[in-house]
Amino acid sequence: MKKKNSTNLIHAGINRTKFMETSEPLFLTSGFIYKTAEEAEQAFKEQKKRFMYSRFGNPTIEILQKKLATIEGAEACWATATGMSAVFTIFMSYLKKGDRIVAGRALFGSCHHILNVILPKFGIEVELIDGKDINCWEKALKKKTNMIFFETPSNPCLEIIDIKEVAKLAKKNGAIVVVDNVFATPILQKPINFGADLVMYSATKHIDGQGRVLGGAILGKKKFCNEVIKPFIRNTGPSISPFNAWVLIKGLETLELRVKKQSENATKIVDYLQKSKFIKKIFFPYLEESPQFNLAKKQMLGGGNIISFELTSKKNNEKEKSFSFLNNLSLINISNNLGDTKSLITHPATTTHHRLNKTEKMELGITKNLIRLSVGLEDAQDIIDDIENSLKKINI
Ligand SMILES: Cc1ncc(COP(=O)(O)O)c(C=O)c1O
């Protein structure tokens, strides 16, 4: 019988050894031995299915992959060393010289670097568009395209892209659809149900969620993962460490609890920010007055734990005001990471997105008074008090 998410997060993928341990076993080994040379030959000829080398197969990593695939409702999963290696693996395993990729331009800074700097070096055409506007997708997809890539909600202004409508256009064109689902997590959004072909995660974020390890994941159809993703990972090695995979397995056990509580906290903080005279603008998927609210509700089960907001400020002192606000905080930590049990805050214009030029920042709404808050598991009122105290202390 099909189990619910909460059950799968705990039990899916487990493969106990003969010792019948309760917790998932950690196979911290780079390789595996063969009883005979014949056995090794058979394994390399793929006549016998068994673990050979942890770059492309390890029992602990396999538990993580099976668990993630079950939660996502995907046929297959490949775990990677980081979220960025998942993104890069997807691009480089599928695209070739002369191919074309269209991406929503509201993306994490390193994704911009891959699209703007690395892919063109390999003769891959890249077009970045306003992903919120379905007309832009329609126009861009008039030209033969091989892949579509976008984040929804996006980093840092939480733009929402209509996965179903974009996927419909992509199918007509023959392009595959890749969704970076990091901000939503598999708890709040399942892009495959709306027509996405591949979903990727930075498992470093909510999946670990406790600031310990880096990790990534690629999820999709079995045939695609076996024929395209597997040979690329096997031969180029963006593989995850079994230790990190084990930590992520433990992280997944509490993912739903954490994401739900963090979303609840975030909603309370948004309510507070809406009333504050120090706040000019709020970006949050479940903000009722946002024109994207209905779309967010259609494809997400909650608003998530990331809130971005602009401080009110006079011209020319936005950066100083933002820095003063961040420096006055005592509970919320300044960090470019997100999805952690600890509330983390950053100034995107000078950190995660500092490499974008002025025009790119303007197009994405990354102003000098924009702050991104990743809401943690602390008491919501304590987080609000910290924000309020800090806002009152700004003396610029
Ligand atoms: C939306 C998004 N995608 C991808 C990444 C990259 O993940 P990682 O840091 O695990 O490489 C990040 C964060 O860093 C991110 O916020």
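Five of the five residues of strand 7 are buried, so the strand is largely enclosed by the rest of the structure. Strands (E, at least two residues) and helices (H or I, at least four) are DSSP runs, numbered from the N terminus.

Before you click on: this is a predicted model, where local features need pLDDT of at least 70, side-chain atom pairs count only at pLDDT 80 or more, and totals for chains, interfaces and linings use all residues. Residues are numbered from 1 along each chain as its sequence is written.

Now show the partners of strand 7. Strand 1 (residues 76-80) pairs with strand 7 in the antiparallel sense over five bridges, and cysteine 77 stands opposite leucine 219. Strand 6 (residues 198-202) also runs antiparallel to strand 7, joined by four bridges; look there for serine 202 opposite glycine 216. Strands count as paired if DSSP finds at least two bridges between them.

Zoom out to the whole open sheet: seven strands in the order 1-7-6-5-4-2-3, with mixed pairing. Strand 1 and strand 3 (125-129) stand at the edges with a single partner strand each, so one side of each is left without a neighbour in the sheet. On average, neighbouring strands of this sheet are turned by 20 degrees against each other, direction ignored.

Next, go to strand 2 (residues 100-104), which runs parallel to strand 3 and is joined to strand 3 by five bridges. Valine 102 stands opposite glutamate 127 in strand 3. Helix 5 lies across strand 2 and strand 3, running at about 165 degrees to strand 3. Helix 9 (residues 222-236) packs on the sheet as well, touching strand 1 and strand 7, and its direction makes about 20 degrees with that of strand 1. Axes are lines fitted to C-alpha atoms, for helices over the stretch in contact, and angles run from 0 to 180 degrees between N-to-C directions. Contact means C-beta atoms, placed from the backbone, within 7 Å.

Most residues other than glycine have a negative phi, and most peptide bonds are trans. Jump to the loop between strand 4 (147-151) and helix 7 (163-173), where proline 153 lies. A cis peptide bond joins threonine 152 and proline 153, with omega about -5 degrees. Proline 156 is in the loop between strand 4 and helix 7 too, and the bond from asparagine 155 to proline 156 is cis, with omega near 5 degrees.

Threonine 185 lies in helix 8 and counts as buried, with 26 C-beta neighbours inside 10 Å. Glutamate 46 has phi near 60 degrees, but counts as exposed with 8 such neighbours. Find glutamate 46 in the loop between helix 2 (37-44) and helix 3 (59-72).

**Over to the other domain**

Colour domain 1 (5-253) and domain 2 (256-393) separately; these bounds come from an automatic or database domain assignment. Their centres, taken over C-alpha atoms, are 27 Å apart.

Last, select the open sheet with the order 8-9-12-11-10, five strands with mixed pairing. Its edge strands are strand 8 (279-283) and strand 10 (333-334), each pairing on one side only. Strand 9 (residues 306-311) and strand 12 (residues 370-374) run antiparallel, joined by five bridges. Serine 308 stands opposite arginine 372 in strand 12. Finish on helix 13 (residues 318-328), which packs on the sheet and touches strand 9, strand 10, strand 11 (344-346) and strand 12, its direction making about 130 degrees with that of strand 9.

Methods. Two residues are in contact if their C-beta atoms, placed from the backbone, lie within 7 Å. A residue is buried if 20 or more other C-beta atoms lie within 10 Å of its own, exposed if 12 or fewer, and partly exposed in between; C-beta atoms are placed from the backbone.
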